[in-house]
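Reader: Hi! I am new to reading protein models, and I would like a close look at one part of this one. Could you take me through the backbone details of its loops and then on to how its helices pack?

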Amino acid sequence: TAKKTIGGLRGGHREEGSIEADRDLPSYPYMTSPVPKNYDFQKYEPLGQNRFVEYKNGDGPYAITQNLMEQSDELARSRRYHVLGAMKHVWKNYKEFAFGFDELHPISKKKTNNWGGMGTSLVDSLDTLWLMGMKEEFWEARDWVRDHLSHNHVGQVSVFETTIRSLGGLLSAYDLSGDKAFLTKADELGARLIKAYDTTSGLPHGSINLQTGRSENFSWNGNAFILAEVGTQQIEYRYLTRATGKWNYAKKSEKVFDVLHRMDPKDGLMSQNIREGSPLSFSNSKVSFGAMGDSTYEYMLKIWIQGGRKENMYREMWDRAMNGMHDQLLKKSNPTGLSYIADRNGIGIEHKMDHLVCFMGGALALGAYTDPKGLNSARAQRDLKTAKALTYTCYQMYALTKTGIASEYVKFSGGHDMSVPNDAPFYILRPEAVEAFYYMSKLTGDPIYREWGWEVFQSIEKYCKTKYGYGSLKDVNRPNSVEDRMESFFMAETLKYLYLLFDPDSEIDILNKHVFNTEAHPLKMFEN
């Protein structure tokens, strides 16, 4: 069939071909009327699991038409208003009680500098303020960055967390606004952090003292390098090189992938610990798309996209890993048939899935829509189908619980259906599921992802909102278990992805213009 584009999506257009639009499909049945501005979230009751089962296997069950997407956009704008209200609630209290501090505690309104005193919540939130149109607050935060942000006094910090949150936040604020104050501070911070790469192998240590430049790996992990940490800094440093002309940043960070490429197993699935030595070796046999593994796979795809889809080594590593994941780790629960990505430990399979793994819904879809073989290729269609099935499972992780909010991970004991584990029933305001909803919505145009995102947001409003912000939940099956803890990624990622999910008018374009770092900081792709 001749392909024609369905417009209306700012984050990339759907092409008709072998996708939903050109088949004789039923009409989408879930459209509702716009949300009033005085909507009462306290009246919301989570609706339970096993709904929308027609999405379970990764199918696109309904016709996605221009008219449907326009209706969806109108509904989304009425929801966007309420997500903006959530950010305004957080920022008003952060400004009043913790401005310039790393974190505001949402129940006690205490302020703490638990990230070394780098204004982490402020810096991590800069691009969220910009994208939500909170420009007055953005420029006020810029003044603090320009006049007060200093890294001179900062001691021991995580190289990975500081790179993705602070460096990524500064670079994105610069990219969106063009204000040099952000680039100056990013360069100052980058110059300190990059010293962590001064190791025998060229892999960066996990921890660095920003005052002295002395770095080391974590003793709690047997002094090994952590896969997710060494492979999730390149987007930031490559951008910093482009912006400053200092090649050191890109060269040192890219070397990591040259090293990983040489070590890459045939199935593309890397263990999460790497031991320094000659040669370097994987020092354990744990493979996970969750904690300690996840974002290195994400960056294989995104570095390739950032560079204009020309540096094929990264894309080949991604495609090899996706083949390995499909062959070995992708499972279906019994009896419901929910798709999930299990962990591998040696030759054994651990039937669990971290909330962190939900990023794969978005990543697989992005990989499919940018596949060099084309979206209609067998590989891209496989990846897109898995993306849809996984994203449905991630939605079910929320629908499963009394609060409608997901736990840190779920168990699929013996391959059976999911349950909340006793050792991690908590929710720390994580973003990965709504991140997947955002990518799926932008790329496929299916309004269902906005529906699921709205359910999640309503639960966050009802069960996590406090007088001074939003708190983590101690137990997702105990509605009154909110805690005095609010991570900076709630503003940087969770609220940003929710807002963008409901924002058909955004300047962000995930297929043609922007790439998000793993902390949801958008940076422009390189044109040459």
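Author: Happy to! Let's begin at Pro335, which is found in the loop between strand S12 (330-332) and strand S13 (339-341); strands (E, at least two residues) and helices (H or I, at least four) are DSSP runs, numbered from the N terminus. This is a predicted model, in which local features need pLDDT of at least 70 and side-chain atom pairs count only at pLDDT 80 or more, while totals for chains, interfaces and linings use all residues. Residues are numbered from 1 along each chain as its sequence is written, and side-chain values use heavy atoms, leaving out hydrogens and water.

The peptide bond leading from Asn334 into Pro335 is cis, with omega near 5°. A cis bond also joins Ser278 to Pro279, with omega near 0°, and Pro279 lies in the loop between strand S9 (273-275) and strand S10 (281-282).

Now look at phi. Ala520 has a phi near 65°, a positive value in a residue other than glycine, and its place is in the loop between strand S18 (514-516) and strand S19 (522-524). Its relative accessibility is 0%, so Ala520 counts as buried (buried means under 20% relative accessible area, exposed over 50%, partly exposed in between, with a 1.4 Å probe and protein chains only).

Two packed helices are described by the angle between their axes and the distance between the axes. The axes of helix H12 (residues 378-399) and helix H14 come within 10 Å and cross at roughly 20°; axes are lines fitted to C-alpha atoms, for helices over the stretch in contact, and angles run from 0 to 180 degrees between N-to-C directions. That makes H12 roughly parallel to H14 (under 35 degrees is roughly parallel, over 145 roughly antiparallel, 65 to 115 roughly perpendicular, and the rest oblique). The contact, meaning heavy atoms within 4.5 Å, involves residues including Tyr392 and Tyr395 of H12 and Trp452 and Val456 of H14. The contact residues divide into six nonpolar, one polar and two charged (Ala, Val, Leu, Ile, Met, Phe, Trp, Tyr, Cys and Pro are nonpolar, Asp, Glu, Lys and Arg charged, and the others, Gly among them, polar).

H14 (residues 448-463) also meets helix H15 (residues 489-501), their axes coming within 9 Å and crossing at roughly 135°. H14 and H15 are therefore oblique to each other. Among the residues making this contact are Gly453 and Phe457 of H14 and Leu495 and Leu498 of H15.
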